[in-house]
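Here is a friendly walk through one protein model, written for someone who thinks in side chains. Keep the structure open beside the text as you read.

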Amino acid sequence: MLWYVYYSYMMSSTDSQREQYLFSDLAQSTTPSPNAIPPNAHKIRLFPRPTLLQIISMTEIGSSAFQLQTVAEQRKDIINGTTLIRRMDDEMDEEDEEAIKEGKMPVYPRGMLKFELTMGDGVVVDAIEYKKVAGILLGETSLGAKLRVKNVKVLRGVCE
């Protein structure tokens, strides 16, 4: 019985430490490591072991600026509540009316994301997703989120 209590304590302690580590800034939680990306890197593989990188910025580069701006304005209108106010002559289909009533946020179009990542050592790495990274949504994934990467291909200094 004592072993179980100790094991439960250790698991909760480890889980809280892991959670604290993942929700903190890597610059404050890790020791500096040597620069993993050589300058002018081309046709090489980095991070043979799983490595944690922090997202500094995300940009949608696979969709037009007009589409992104339209969705941003729609999201702003829902947050401000202006979608509930409309003129009598405005025509909307049933789906739009339901989305407004429920307050559903429109989703940003998702083509291809460009990231700026860091290992916490101050060096910023540019990366473009080659395939969609599951769980990352523009407008919902917060900056500072962590990505675990392994065997990353680098072409012309940009990680894929």
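## Ground rules

A residue is called buried under 20% relative accessible area, exposed over 50%, and partly exposed in between (1.4 Å probe, protein chains only). With that scale, Glu-73 is partly exposed, at a relative accessible area of 41%.

This is a predicted model, in which local features need pLDDT of at least 70 and side-chain atom pairs count only at pLDDT 80 or more, while totals for chains, interfaces and linings use all residues. Residues are numbered from 1 along each chain as its sequence is written, and side-chain values use heavy atoms, with hydrogens and water left out.

## Overall layout

The protein has 4 helices and 7 strands. These elements are DSSP runs numbered from the N terminus: helices (H or I) of at least four residues and strands (E) of at least two. Read from the N terminus, the order is α-α-β-β-α-α-β-β-β-β-β.

Of the 160 residues, 26% count as buried. The accessible surface comes to about 11,900 Å², and carbon and sulfur atoms contribute 55% of that area; accessible areas come from the Shrake-Rupley method with a 1.4 Å probe, and for residues only the protein chains shown count as cover. A contact means heavy atoms within 4.5 Å. Among contacts with a separation of 6 or more, 76% are between residues 24 or more positions apart.

## Two salt bridges

Side chains of opposite charge can pair when their charged atoms come close. Here a salt bridge is a side-chain nitrogen of Lys or Arg within 4 Å of a carboxyl oxygen of Asp or Glu, and the structure holds 2 of them.

One joins Arg-110 to Glu-129, with an N to O distance of 2.3 Å. The partners come from distant parts of the chain, 19 residues apart: Arg-110 sits in the loop between helix H4 (94-102) and strand S3 (113-118), and Glu-129 in the loop between strand S4 (124-128) and strand S5 (146-149). Glu-129 counts as buried because its relative accessibility is 5%.

The other pairs Lys-114 with Asp-126, whose closest N and O atoms are 3.9 Å apart. Lys-114 belongs to strand S3 and Asp-126 to strand S4, so this bridge ties together parts 12 residues apart in sequence. Both partners are partly exposed: Lys-114 has 29% relative accessibility, and Asp-126 has 32%.

## Patches on the surface

Patches are made of residues with over 30% relative accessible area and no salt bridge; like charges are joined within 9 Å, and nonpolar side chains (Val, Leu, Ile, Met, Phe, Trp, Tyr) within 5 Å. Lys and Arg count as positive and Asp and Glu as negative, with His and the chain ends not counted. The place of a charge is NZ of Lys, CZ of Arg, CG of Asp or CD of Glu.

Lys-43, Arg-45, Lys-153 and Arg-156 form a positive patch. Lys-153 is in strand S6 (residues 152-155) and is partly exposed at 35% relative accessibility. A nonpolar patch of about 320 Å² is made by Tyr-21, Leu-22 and Phe-23. Phe-23 lies in the loop between helix H1 (2-22) and helix H2 (26-29), and its 71% relative accessibility makes Phe-23 exposed.

## Residues worth a click

Which residues does Val-149 touch, leaving out those up to four places away in sequence? They are Phe-47, Arg-49, Pro-50, Thr-51 and Leu-53. Val-149 lies in strand S5 and is buried, with a relative accessible area of 15%.

Phe-47 is in the loop between strand S1 (44-46) and S2, and is buried at 7%. Its phi is near 55°, a positive value in a residue other than glycine. Asn-151, in the loop between S5 and S6, also has a positive phi, of about 50°, without being a glycine; at 41% relative accessibility, Asn-151 is partly exposed.

Ser-63 is in the loop between strand S2 (51-60) and helix H3 (65-80), and counts as buried at 16% relative accessibility. Beyond residues up to four places away in sequence, Ser-63 touches Leu-68, Pro-109, Arg-110 and Gly-111. Glu-73 is found in helix H3; its C-alpha lies 9.8 Å from that of Pro-106, 33 residues apart in sequence.
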